[in-house]
Amino acid sequence: MSCPFYHTFPSKPQQETPPPKVDNDAEVGEGEPIPHPPEKWFIGNLGEIDPSFHVSSFWRLADIYGPIFSLNLVSRKLVILSSYDLINEVCDDTRFEKFVSGPQETIRVFVKNGLFTAYSDEEEWGIAHRTLIPAFGPIHVRQMYPQMVDVLSQMILRWDRFGPDHRIDCTDDFTRLAFDVIGLCAFNYRFNAFYGDERPLFARQLGETLLETGKRTNRLNIQNQMHYRSKKHMMDNIHAMWKVCDDIVAERRANPRPDINDTLNVMLTAKDPVTGKGFTDENIRYQMATFLVAGHDTSAGTMNFLWYNLLQHPEALQKCYAEVDAVLGDRPLELEDIPKFKYLDASIKETLRYLGPIPVVTRHTKGGKTVLLEGKYKVGPTDTLVMNLKGLHHDPTVWGDDCNVFKPERFLDGGWDRLPPNAWKPFGTGVRSCIGRYLAEQEIVICMAMVLQRFVIEMADPDYQLKVKATLTIKPDQFYIKARRRPGKDHLFSFTGGAAPPSKVADKSETVKSEDGKPIAVFFGGNTGTCKSFGEDIETAAPNFGLAVPSKVQNLDEAVENLPKDRPVVIIASSFEGLPADNARNFVAWLETRAKDPNNSNLLAGVNYTLFGAGNKDWAATFHRIPKLVDSLLEKLGATRLYPAGYVDVSQDIVGPFEEWKVGLFAKLREAGGVTAAVKTDEMRVEIIHPETPSKLAGEEVSEGLVLVNKVLAKSGVGPEKRQINVLLPPGVEYRSDYLAVQPFNPRSSIIRVLNRFGLHPDDLATVSGTTKEHLLSHNGGPVSVYELMSTRVEMANPASQRQVATLASLSQGAEAERLSALASDDKYTKEILNKRFSVIDLLEDFPSCSLSFGAYLDMLAPLSPRQYSISSSPLAQQAVPMASTPFSTTPSEKSNTTASSSSSSNGDDKTSLTATLTYDVYEGPSYSHPSTTTFHGVASSYLASLLPGTKLRCFVRRTNAPFRLPADPKTPVIMIAAGTGIAPMRAFIQDRAAIAAARPGGAQAVLGEARLYYGCRDFEQDYLYRDELAAHEKQGVVKVRAAFSKRGPPTTTTGKEDQCGHHVDELLWQDREELRGLFGDQGARILVCGSAARLGRSTAEVCLKIYLEAHPEATREEAERWLLLQKEERFVSDVFG
């Protein structure tokens, strides 16, 4: 009988799979060949496997070879299944059964015939399965609620006492939590994991054992024989852990506790209803070890992934907060509340679907039979059938086109009940599925509810990109969060059982003294450093106006439930592809969620704020979207706008509008605060130290990437020079349709101009003070070389702002002062300064009488921001490079051989590196300011062009916010539109498709939908990038290419003469409009556009409107524009640049 109470987590009804196929060796025949990578002599397909994370190799190969492929690993054959249809078939327990192999078989050295790793024909498995299922059923798990709350309260108090700035290691703390929960609930044993700096000895020994067994799984037998020392250390750990288990059993036998309803009592007293046998003490030891291995690792991994996903999708996180607040309010959690958390339940389910701790389930045929999968793929009893759960849980035929999107809502409103059988399998399948599911789910819900009720959680590193670490399971690596008490929740930190309320962590703002100035708060949201620099500028200047920023400049996510009402609030925000910056996503989601409730109209009453927004007009559809949204939401929630919002277009004058806005802002803040003290005019100070001897050149710093190739694709002539650079990424860094962000160096010629103007030498040292701008300060507080300051810290080429020109005029003499004053006027500034891109150094050279100091000059410059480029290569089209073959060295773990989080390995080849290719224009030509005498060098492109193979490069992969990717189903048609180096992401997409077509049976026609590339360039011979490569792909049926040449085209087939007429991409689109209408309207094609926003972006949008209006003559222009705007949400996606 099912539990009438516990209905939060209903098991998905598993209907019977289709009737068994013929499974007789004599009748199955040969079947169709299973796709597989090419094999190498002696090692088969071992070279395809990443030893440190073998499952990631399955994912990569599944993207290439499709839903089924085989691997020859010398000692065994794997058949990887990655689609719903195939996995649904092997879930049939009448034909297939669990196959204990790989990591599970290796860990048997510790857990032997425990539930998780026992062979299906072992008697001990049947006894344990039948006896322990009731012990882990909903009724018994419900009785574990007090113990779970007991352990969780320890973690909450630990977080609170460390304070809001403490970096919480999620892997460490959730492992401690899950470990203690298993110990207390199953054995009434306290490991006291939260009472020391290190995890308990047992947990550390277990971590080391899991790490070593993982390595042994992926080594050849002969390699394992050579690692005898590591085996001995592992066995020492195992015997020590067995002793702990045996001691717990012995103590319970010596002192029986019939009053305790735990799993240990069940194993000591219960008898199997079938055989009448009980557990031996030895088997109890192995079951205890199994619970600790499987139970703690999976629960901890799920909580890690859950928090990562929620923090990456703050709109979902805020829905979780809202649900917890609605259910609990300000009272403590009770057992009866658990079934009420519907959205939390959906978030857990979606986390386990999206990427859970169990990546694969292994099966094989039952009864030694040979069968045909899907009636055509022959597999035998010795073949390991690997259910790739990522493939199952991301199959678009089940989960839809948004299968790669984290979306808890898919499990609500009947979504769970509509799933086909065996579509969701994070706990395994059949009789061998995880019996601890109810325990894990209840533990996670209690944890989430109690933490969400008490803390505001934020990422410690807002730009953290997921790194997955593999042992027996998988989990996020190096993932840290911060926890800050929610206002009004202090009473919830006094737990029953004698726990004293923790002392409140002092607010940083409470230390401000009245003589320091009237306090204000400054928050920023930005990815590139510009918004933070604006905030630091306000913080630096505030004391001059009788103001202070006691809490320093904070990111906007730190303002969630934390907007002060006792001081004015200054917010500086930006948009990235219409979405918030990484460090503002939670803040925006918090505002949006709260604004939907009409009862919150006074939630922020008492908050006095102003806002400054940064954006780029080339992204016209989303220009300043986030700053304006924040402004309107604050007002809707009852906050008062203290001073009108200001905005800047960073593609024009990046500093001027901010300076103008800042002048009025400080006047308003002084007025609001009643500040009457005189305004000071302190400026940033830079002290120059001339070294007695030139500094020795330091060795090149190890950076984030290594240049392998840097070649010219098209020489300058009909356009700028176009180049390709191949960068070897650090081990473990992955990408797919993403950007590579590059931290550039300023051109040497520009640096020399500045040094000459101020009479400095490159090795002079500068000590910067009187500012809070982090990009100008050294990491240790000491001096910085002038050359480093100018080459890596500041933007030198930005146009001088109008106020900066006026400042230069005030520091100049005679006629030069008059000329500069005129240039600073409204009549001349835009035409003579902004449009001609006159930088501050340009003006200083033209007006030598100006007495601007070097410190004041530095203060005028924005921080040097990374430039991002679309990656023009596909990881599917390349073989990853073992780390041992690269110049990258292994980073030693901070706590080697102590915890399971020590992911470094003693083997140098435990990780591999991918290569990312960039295709870029080199911007070099006469400057707008002095076209006859000065050459403009693009900061990033000229830097990249100068790099030689073997050079190290600071770079990192930045995920794209927009859905600028190929459709999840390769059979969905795609229309790619590009011009010039905008072909970069399209080349990656085409390589993706080519790799898939080459690996799967039937080739492109069988496995790919139609793809078209409309490509615009100037000359068919000089700048038709990747012409031969595209022709080869077209011949293979991977893509159909339509090229437009604006200057000179190839000879026509009728006259044999070169086509001299100018053609553009939008003309080809119009010519093919009937076919495109069919692809887009009837077959669901996705349109991807990359190129100039001003030209290609606008012309493509315009021709799409024309095509729509031709097909719908009754529609108005406004209706067509609304239709196009709807398509741009998912099916018409642009990645355009200025």
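Two strands pair if DSSP finds at least two bridges between them. Helices (H or I, at least four residues) and strands (E, at least two) are DSSP runs, numbered from the N terminus. The model is predicted: local features need pLDDT of at least 70, side-chain atom pairs count only at pLDDT 80 or more, and totals for chains, interfaces and linings use all residues. Residues are numbered from 1 along each chain as its sequence is written, and side-chain values use heavy atoms, without hydrogens and water.

**Exercise 1.** Determine the strand order of the open sheet formed by 4 strands.

*Solution.*
1. Strand 24 (residues 721–728) pairs with strand 31 in the antiparallel sense over 8 bridges; Lys-722 stands opposite Asp-921 in strand 31.
2. Strand 23 and strand 24 pair in the antiparallel sense over 7 bridges, and a hairpin of 6 residues joins them.
3. Strand 23 (residues 705–714) also pairs with strand 34 (residues 952–953), antiparallel over 2 bridges, with Gly-705 opposite Leu-953.
4. The order is therefore 31-24-23-34, with strand 31 (915–922) and strand 34 as the edge strands.

**Exercise 2.** Classify the packing of helix 14 (residues 281–312) against helix 15 (residues 314–328).

*Solution.*
1. The helices pack at about 110°, their axes 5 Å apart; axes are lines fitted to C-alpha atoms over the stretch in contact, and angles run from 0 to 180 degrees between N-to-C directions.
2. Helix 14 is therefore roughly perpendicular to helix 15 (65 to 115 degrees).
3. The contact (heavy atoms within 4.5 Å) includes Trp-307 of helix 14 and Pro-314 of helix 15.

Definitions and conventions:
Parallel < 35°, antiparallel > 145°, perpendicular 65-115°, else oblique.
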